[in-house]
Each structure stands twice: as structure tokens, then as C-alpha cells.
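I opened the model to see how the chain is put together. My notes follow in the order I looked things up.

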Amino acid sequence: MKCHRCDGLMVVDHFIDIENTGHLWLCGWRCVSCGDVVDAEIMQQRHMQRSRLGRLTRSLTRKARKTFDLVKLSA
Ligand SMILES: [Zn+2]
């Protein structure tokens, strides 16, 4: 798995929640180059954001094409 920030190598790592109980262990991925950390929940959120962004981009592209066609025909 590659890091989304720097394309570095991601390795499995275990993390502990020291701010709250100190007993909550999490399993995630850590980049050996930049130190970015992701877990399953973060990856799911990023996937959902990319999906929403993709839908928005496609919608705006369609609207822009329609506007361009109208301008092109009327010019
Ligand atoms: Zn990285």
C-alpha cells in the first residue's frame, strides 16, 4: 500500500488512545516516509469524499458543456 501524500511505503502499525482511556488499541497504516497515519475509518471517509467530489465534478462538467454549447450555437 502506498501513502496518498508522498507515495511512500505504508506499514501496519498499532496505536493506543492515550488521551482517553489509554486502553483502546487501534490497528492502522503508517507511512515510513512522512508518518501519515490512516485506519479503516479514515480510509472510508476519504473514499466517500472522493465519491462525492467525483459526482460534483461530473455534474459541473456536464453543466459547463451545456453552457458552452449554448454559447457556441448563439455566436
Ligand atoms: Zn507518506
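How many C-beta neighbours does Trp-29 have inside 10 Å, and does that count as buried, partly exposed or exposed? I looked it up: Trp-29 has 18 C-beta neighbours inside 10 Å. A residue needs 20 or more to be buried and 12 or fewer to be exposed, so Trp-29 counts as partly exposed. This is a predicted model, and I read every value below with that in mind.

**Entry: confidence.** I checked pLDDT before going further. The protein averages 84. I noted that 87% of the residues score at least 70. Confidence is highest in β3, at a mean of 92. It is lowest in helix α1, residues 40–74, at a mean of 82.

**Entry: overall layout.** I counted one helix and three strands. Along the sequence the pattern reads β-β-β-α. The three strands form an open sheet, in the order β1-β2-β3, with antiparallel pairing. The edge strands are β1 (10–16) and β3 (37–38), and each pairs on one side only. I then looked at burial for the whole protein. Buried residues make up 1% of its 75 residues. I also looked at contacts between residues at least 6 apart in sequence: 33% of them join residues at least 24 apart.

**Entry: β1 against β2.** I followed this pairing residue by residue. Seven bridges join β1 to β2, residues 25–31, and the two strands run antiparallel. Val-11 stands opposite Arg-30 in β2. Val-12 stands opposite Trp-29 in β2. Ile-16 faces Trp-25 of β2 across the pairing.

Is β1 largely in the open or covered? I checked its seven residues and the number buried is zero, so β1 lies largely in the open. Ile-16 belongs to this strand. Ile-16 counts as exposed because it has 11 C-beta neighbours inside 10 Å, and the cut-off for exposed is 12 or fewer. I also took a distance here.

Entry: I placed Trp-29 in strand β2. Which residues is Trp-29 in contact with, leaving aside its neighbours within four places in sequence? I found Met-1, Met-10, Val-11, Val-12, Asp-13 and Val-38. I also took a C-alpha to C-alpha distance from Trp-29 to His-14. The two are 8.2 Å apart in space and 15 residues apart in sequence.

**Entry: β2 against β3.** I moved to the other pairing of β2. β2 and β3 pair in the antiparallel sense over two bridges. Arg-30 has Val-37 as its bridge partner in β3. Arg-30 also stands opposite Val-11, as I noted above. β2 and β3 form a hairpin with five residues between them. In that turn, Gly-35 has a positive phi of about 85°.

**Entry: a backbone angle.** Asp-7 has one, at about 65°, although it is not a glycine. Where is Asp-7 found? I located Asp-7 in the segment before β1. Is Asp-7 buried or exposed? I got 11 C-beta neighbours inside 10 Å, so Asp-7 counts as exposed.

Methods
Residues numbered from 1 in each chain as written. Predicted model: local features only at pLDDT ≥ 70, side-chain atom pairs only at ≥ 80, totals over all residues. Pairing = 2+ DSSP bridges. Helix = DSSP H or I, 4+ residues; strand = E, 2+ residues; numbered from the N terminus. Contact = placed C-beta atoms within 7 Å. pLDDT = per-residue confidence, 0-100.
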